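Colleague: I am new to this one and would like to know what stands behind the words used for it. Could you show it to me first?

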Amino acid sequence: MAVVAIIGRPNVGKSTLFNRITRSRKAIVDDLPGVTRDRLYEHTEWENKRFLLVDTAGIVSDTGANPSIEKEIQEQVRFAIEEASVIIFLSDVRTGLHPQDKEIIKELRKLNKPLFLAVNKVDNPKYELMLSEFYETGVENIYPISATHGYGVDELMDSVVASLQDQDETFGKTDDDSVRIAVVGRPNVGKSTLVNRLAGTPRVVVSEIPGTTRDSVDVEIRTPNKRYIFVDTAGIRRKGRVREKIEKISIIKALESIERADLAVLLIDATEGPSDQDLHIGGYIQKRYRACIIGVNKWDLVQKDRSYTKFLMDDVKRRFKFLSFAPIIAMSAETGKNINKIFPAVGSIYKQYKTRIGTGLLNRTFQQILNKHHPPQRGGRELKFYYITQPSIKPPTFVIFCNRPDDVHFSYERYLTNQLRKSFSLDKTPIRLIFRGRKETENER
């Protein structure tokens with residue numbers, strides 16, 4: 001699929017333009033320069049032409065206070081330029097033609113790729129008079145736009161899609177059986193390293209400094225039989241430790257990624273063991289009925305201490321008892337240890353996650369479960385169950401009709417859940433039970 005990359009210096013409006021073109025709010029937008037760090041991709045369509053749009057970090061010449069991170073960020077921009085079919089270079093009319101813009105455009109023209117110069121923040125007629133200096137760049141295609149208000153964006157994108165060569169438009173279309181996986185956890189547990197390891201390429205910025213990832217970044221990985229979308233997310237801290245506006249937005253996006261995912265990979269730092277915050281994240285996954293893998297990362301740093309690793313795994317099982325359906329994988333994203341276990345685990349989990357059971361078989365089995373252990377009486381009144389249906393999958397959701405749904409004790413609900421798991425081999429997926437009231441008929445009395 002054709003790739004269109006938005007390139008430019010920091011704070012010229014690249015993420016705003018990205019959101020405008022994709023008709024989304026996927027990219028975090030803020031007046032603070034340097035908010036975008038990773039390559040952010042989105043499949044989009046313009047005038048019936050599908051392409052992959054890429055938002056990138058601002059190109060800078062100064063490495064600033066964190067040279068190691070900045071080097072990685074600029075490497076991400078370079079990757080985006082290399083893979084792009086078409087480049088939109090974005091400038092800011094209010095700052096004029098910056099000397100660095102001239103140098104960048106000079107290098108981009110050497111690539112012999114379609115290059116469009118969009119001059120942003122032209123939201124007042126007086127700014128159009130300031131466009132003449134941009135023709136010094138030698139770029140023929142210059143478009144005054146306002147990414148915030150939409151002015152000129154249609155003309156820009158009509159020209160961009162007209163320049164795209166015919167590509168395979170089937171690639172990247174969302175199919176019903178693609179699996180969306182959110183990689184979540186506290187800051188600095190190795191989420192980006194894991195995603196890069198799975199992708200086999202440095203798709204996201206990795207640093208030992210917590211909080212490096214800000215956007216939730218989708219990374220598509222295809223095997224011969226399946227399409228996976230791994231979502232690298234920002235580290236989720238406790239509320240009391242979240243101060244910056246940008247970090248708050250990042251955490252909200254991380255939680256939204258769990259909402260939109262089929263499955264979450266919850267990473268835990270093996271050197272520290274499960275923390276209360278890990279449990280809070282696990283609780284969020286449980287309440288959203290998402291399938292889950294618990295990854296105990298940085299295993300290479302602790303594996304020589306047998307007594308500690310045994311204690312660690314026992315502690316993880318004990319503290320995450322509420323996610324008893326989640327497989328636990330001891331792994332090292334850094335070295336690749338046991339990473340090959342993730343795809344088979346995802347496959348078996350997803351198969352259960354989308355299980356649908358026929359109504360006849362479901363009710364026969366449900367009756368056997370009831371006969372094995374009758375529901376207890378509440379307040380001297382008998383609790384009667386009539387029948388069960390499965391209205392939806394992802395996760396398997398069962399509606400149970402009974403005479404008094406409010407009187408179903410949590411212990412009996414747990415019994416029914418465990419029996420349904422056992423009867424239909426649903427040991428690796430969350431199950432949702434919904435109790436609904438219904439009056440008994442003459443035949444049922």
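Colleague: What makes strand S11 (residues 291-297) mostly covered?

Modeller: Buried means under 20% relative accessible area, with exposed over 50% and partly exposed in between (1.4 Å probe, protein chains only). In S11, 7 of its 7 residues are buried, so by that cut-off the strand is mostly covered. Strands here are DSSP runs of E with at least two residues, helices are runs of H or I with at least four, and both are numbered from the N terminus. Before we go on: this is a predicted model, where local features need pLDDT of at least 70 and side-chain atom pairs count only at pLDDT 80 or more, while totals for chains, interfaces and linings use all residues. Residues are numbered from 1 along each chain as its sequence is written, and side-chain values use heavy atoms, leaving out hydrogens and water.

Colleague: How do you know that both faces of S11 are covered?

Modeller: Ala291, Ile293, Gly295 and Asn297 lie on one side, Cys292, Ile294 and Val296 on the other, and all are buried.

Colleague: What makes S11 and strand S10 (residues 263-269) a pair?

Modeller: Two strands pair if DSSP finds at least two bridges between them. S10 and S11 are joined by 7 bridges and run parallel, so they meet that definition. Within this pair, Ile268 stands opposite Val296.

Colleague: Why is the crossover from S10 to S11 called right-handed?

Modeller: The chain goes from S10 through helix H8 (residues 276-287) to S11. Right-handed means that, with the strands pointing away from the viewer, the path from the first strand over the helix to the second runs clockwise, and this β-α-β crossover is right-handed.

Colleague: What pairs with S11 in the parallel sense over 3 bridges?

Modeller: That is strand S12 (residues 328-330), where Ala330 stands opposite Val296. The chain reaches S12 from S11 through helix H9 (residues 306-319), in another β-α-β crossover that is right-handed.

Colleague: Let's turn to helix H1 (residues 14-22); why is it called largely enclosed?

Modeller: Because 7 of its 9 residues are buried, the rest of the structure largely encloses H1. Among the buried ones are Leu17, Phe18 and Ile21.

Colleague: What do the buried residues of H1 pack against?

Modeller: They pack against strand S1 (3-8), S2, S3, S4 and helix H5 (153-163), where contact means heavy atoms within 4.5 Å.
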